[in-house]
Amino acid sequence: MIRGSLGAMEALRQHIRGRSASIGVLGLGPVGLTVAVALAHAGFRVRGVDRDLGRTAAVTQGRWPFPGLEPDLPQLLREVVGQGRLTAQTSPETLAVVEVALVAVDTPVAGARADLRSLTDACTTLAGALSPEALVIIESTVPPGTCGGVVSRLLGPSSGLRRPVGHCPERVMPGRLLANLRTMPRVCGGSTPEVAELLMELYGTFVDAPLSATDLVTAELVKTAENAVRDVNIAFANELARICEDAGGDFLEVRRLVNQCPGRDVLLAGAGVGGHCLPKDSWLLAQGAPEVVPQLLASARAVNDSMPGHMVELLRRGLRSARGSHEWPQVRVALLGTAYLEGTGDERNSPSLRAMEILRWHGVSVSVHDPWATARERDLWRVVEGADAAMVMVGHEEYRTLDLRRLRAALRTPVVVDGRQVIPPAAAAAAGLLLQSVGRGSAPSP
Ligand code: SAJ
């Protein structure tokens, strides 16, 4: 579909409305596979492509290939594969017949710069596989200016005409992939207003939330900014928590009372910020404006990245109060929770991994538990038995309901570090535990 070919756009609009449009999805990670399933369930014929043979084989067998619970998705995947609506393969040739190709590949950062190799590889692949008429929609999060820049240049048909490009940034979250896909509002950016309208038609077939048509740069700014602002807000909570510790306050109580004030919304302090979105999206946002030095964004990233180290400092305080001193190499720590978020096994950029690194650098022996992460010890009591301290790094439900008396009996030294404010101080004291909790200071001496 070449710009100005309104006839081709009208034909595509009809095919979308009639669900006869043939659709390709390049990148069958949690984001790409979820949207592929949703499109197939909406009635389209979807061709999935991924270079990972294990993934495409699993999809072909109707099996959801990722760890963690995703309500309804595995069942829906089996259904649409069984109906022949969704296929998956590694060769991109199958995309030659599609009218729309979605791209959902990873866009990590290396230091503070976007690593767009997966995206540029995908665009190069599509340029060679797609018909000149096909519409391409980027779902990956990218620095502002990417879709209208390098993406459009790589995708342009050999005739040099610019292929119309859409950008509909994903807004999903592990554990709620399908629910978020259906209920989260979406921004539909287009290289022309007509392209944005086509995205509205397409996403309107499976999204039950408001859709907003806009241009490419606005869509790129919205996505990166929505995560950058969350990262900055979390950094404020973390810095306030450290102030509360030093001043002898209780962060949760301070937060509760501050949030009673209209227009305030202090988020939760914690052991750090992980995941596949927040640690990188501030840098992607900043990269779109090379003339602007991102002072606040960079400081917020530094505050959040300092929190795993702060957990180790809380441990040090706990051991000192329990023993009068601490010699790191003789210490054994039970680290509870390796995932970046409660209720999931996803360890991407997890603060726990950074804390483990720091502890092991000190020569500390670390045993690890997580109820969700694959290949982690699932028997919590085996992990804590004989440890000098337990460090709660994730707000998993299992840690919110811990038998604290049993924990006290299992520990060699009764120290607990609480990185997610899930251990009630009174209950910890009653169980004879020395609690060091982020955001909770000991009352200053009179
Ligand atoms: N975190 C805090 N304090 C908070 C909130 C989060 O320390 O108050 C930490 C979490 O422990 C985690 C990290 O930040 O380590 C990220 O948490 P998150 O709740 O933001 O979860 P994500 O990374 O899966 O965020 C995604 C984002 N959605 C998309 O990028 C599409 C985010 O913008 C959403 O707000 C979030 O899901 C959501 O709540 O849906």
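**Exercise 1. Find the place of A375 in the chain, then say whether A375 is buried or exposed.**

Step 1: look at the neighbouring elements. A375 sits in the loop between β12 (365-369) and α15 (380-384). Helices here are DSSP runs of H or I with at least four residues, strands are runs of E with at least two, and both are numbered from the N terminus. Residues are numbered from 1 along each chain as its sequence is written. Keep in mind that this is a predicted model: local features need pLDDT of at least 70, side-chain atom pairs count only at pLDDT 80 or more, totals for chains, interfaces and linings use all residues, and side-chain values use heavy atoms, with hydrogens and water left out.

Step 2: check the cover. A375 has 84% relative accessibility and so counts as exposed. The cut-offs are: buried under 20% relative accessible area, exposed over 50%, partly exposed in between, with a 1.4 Å probe and protein chains only.

Step 3: check the backbone. Most residues other than glycine have a negative phi. A375 isn't glycine, yet its phi is positive, near 65°.

**Exercise 2. Work out what phi R19 has and where R19 is found.**

Step 1: phi of R19 is near 60°, a positive value in a residue other than glycine.

Step 2: go to the loop between α1 (6-17) and β1 (22-26), and there you'll find R19.

Step 3: R19 has a relative accessible area of 33%, so it's partly exposed.

**Exercise 3. Describe the overall build of the protein chain.**

Step 1: count the elements. There are 18 helices and 15 strands.

Step 2: Along its principal axes, the C-alpha trace covers about 80 × 50 × 40 Å.

Step 3: look at burial and contacts. Of the 446 residues, 54% are buried. Take the contacts (heavy atoms within 4.5 Å) between residues at least 6 apart in sequence: 72% of them join residues at least 24 apart.

**Exercise 4. Explain why helix α11 is largely enclosed by the rest of the structure.**

Step 1: pick out some of them. The buried residues include K280, D281, W283 and Q287.

Step 2: find the packing partners. The buried residues of α11 pack against β5 (109-110), β6 (113-114), α9 (216-247) and α12 (295-305).

**Exercise 5. Find the aromatic pairs and say how the rings are set.**

Step 1: the structure holds two such pairs. Rings of Phe, Tyr and Trp (its six-membered ring) pair if their centres lie within 6.5 Å; planes under 30 degrees apart count as stacked, over 60 as edge-to-face and the rest as tilted.

Step 2: take W64 and F66. Their ring centres are 5.3 Å apart and their planes stand at 75°, so this pair is edge-to-face. W64 is buried at 10% relative accessibility, and F66 is buried at 17%.

Step 3: take Y203 and F206. This pair is tilted, with 5.4 Å centre to centre and 50° between the planes. Both Y203 and F206 are buried.
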